[in-house]
Amino acid sequence: MAAVSFKHVRKVFGETVSIPSLDLDIRDGEFVCLLGPSGCGKTTTLRMLAGLEQPTSGAIHIGGTEVQELPPAKRDIAMVFQSYALYPHLTVAQNIVYPLKKRGVPKQEWPAMLNNIAQLLQLEPLLERKPKQLSGGQQQRVALGRALIRKPKVFLLDEPLSNLDAKLRAHMRAELIELHQRMGTTTVYVTHDQLEAMTMSTRIAVMNGGVLQQFGTPDEIYYRPANQFVAGFIGTPAMSLIDGDLQRDDTGFSLHAGGVTVRLPHAALRADASGEVCVGIRPEDIVLGRGTLSARIKVVEPTGHESIVLMDCGGASLCTRIASDVPLAAELRAGQSVPFEITLARLHIFSRQSGQRMNRDDTNVTSIKRTRDAA
Ligand SMILES: Nc1ncnc2c1ncn2[C@@H]1O[C@H](COP(=O)(O)OP(=O)(O)OP(=O)(O)O)[C@@H](O)[C@H]1O
Ligand SMILES: [Mg+2]
């Protein structure tokens, strides 16, 4: 087990600056997801940690040892690639035990270790097949098995579940969480799936355009997005983001947005907050059927246990959700006006110029969750 750190790590491919300068400290035993849209530099970051790419500058440490000059084999890591890279001429069983052979683990220990992994990944009926006789999802499970069979200092996983069907994906997600709890091996997991990141991580590193946007627990990322990008990227349906204007006076702040004016106390926002802002409202922080505000319903999307409701409020688009067992849910129609209220303490305010969060965030995230659950 080992901590991992990136210090001022920069990666340039020819003319392209992939990672301008990355600083990231991952604690021993953490499960960290690198999360972000396609092309944001997740794989490049992981490949530099694995030793498959050389950083242009900066330092990478694993367990306190500087590793950026070391070849992959000297780093004691196990990696599962986006493409599984199995040996085509070896059987599934031979592929899985390959790292044991390479590391000189005595042969009599292999069968028990292989059985464990085959059982975990439901590979028992496939052990004698060659990779080309497997589906994409099965190949991915073999690649996972090959990484999991030994106990490296750090696991590196690049979208390892992307080729599995929804059911197996959910199953494997739970298995990986359990496995991590049992083994406690530091894990760096690349994904663009926020559900995966939110459910598996101890902390999430959200990246965009090669730049780390926020590094925090799933709760911190969800309840306190550091900037407008993180706010819009995390959460399904996405947070509504609307332009507004903020003025500070002696008794608090006046916020004008979507044809509505609301008052916020001084304690809610940073003292220098004012001017053009972007207001973020999560769907669950808009309550339909009560309050003094009004919006026109554009679309109602039933999903089973709840409906997603898109509305227009003074030209601003708002998205909210309503549980199907609330009587009002059955009455909502496009074109109708509906009263609503917003939980003002949950508004997210960002500077439109810098995109940075302007909330004061004095209370801790756990108490924010508790008050939400009680509401
Ligand atoms: N070998 C390379 N040569 C040139 N550019 C590269 C190379 N590898 C990556 N890049 C560029 O670096 C950027 C980051 O790529 P990377 O593969 O790390 O993204 P990613 O976040 O893993 O995306 P995805 O989710 O699509 O896998 C992209 O703009 C990509 O085009
Ligand atoms: Mg990638």
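A polar contact is a pair of N or O atoms within 3.5 Å. In this predicted model, Cys 40 meets that cut-off with ligand 1: one of its backbone N or O atoms lies 3.2 Å from an oxygen atom of the ligand. Gly 39 also contributes a backbone N or O atom, at 2.7 Å from an oxygen atom of ligand 1. Thr 43 makes its contact through the side chain, where a polar atom lies 2.7 Å from an oxygen atom of the ligand. On its own, ligand 1 has 640 Å² of accessible area, and the protein covers 62% of it.

The shell around ligand 1 holds twelve residues, and the closest are Ser 18, Ser 38, Gly 39, Thr 43 and Thr 44. By type, the shell consists of seven polar, three nonpolar and two charged residues. Helix 1, which spans residues 42-50, supplies three residues, the largest share of this shell.

The cysteines can be considered next. Zero disulfides are found in a search of the whole structure. For Cys 40, the nearest cysteine sulfur belongs to Cys 33 and is 12 Å away. Cys 40 counts as buried because its relative accessibility is 1%, and the cut-off for buried is under 20%. Cys 313 is likewise in no disulfide, with the sulfur of Cys 319, the nearest one, 14 Å away. At 6% relative accessibility, Cys 313 is therefore also classed as buried.

On the scale of the whole chain, the domain assignment gives two segments: domain 1 covers residues 4-223 and domain 2 covers residues 238-374. Their C-alpha centres are 38 Å apart.

Notes. Residues numbered from 1 in each chain as written. Chains lettered and ligands numbered in written order. Predicted model: local features only at pLDDT ≥ 70, side-chain atom pairs only at ≥ 80, totals over all residues. Heavy atoms only, no water. Domains from an automatic or database assignment. Near = heavy atom within 4 Å. Polar contact = N/O pair within 3.5 Å; in protein donor to acceptor, adjacent residues only side chain to side chain. Areas by Shrake-Rupley, 256 points an atom, 1.4 Å probe, with all protein chains shown as cover. Helix = DSSP H or I, 4+ residues; strand = E, 2+ residues; numbered from the N terminus. Nonpolar A, V, L, I, M, F, W, Y, C, P; charged D, E, K, R; others polar. Disulfide = S-S within 2.5 Å. Buried < 20%, exposed > 50% of the residue type's maximum accessible area, 1.4 Å probe, protein only.
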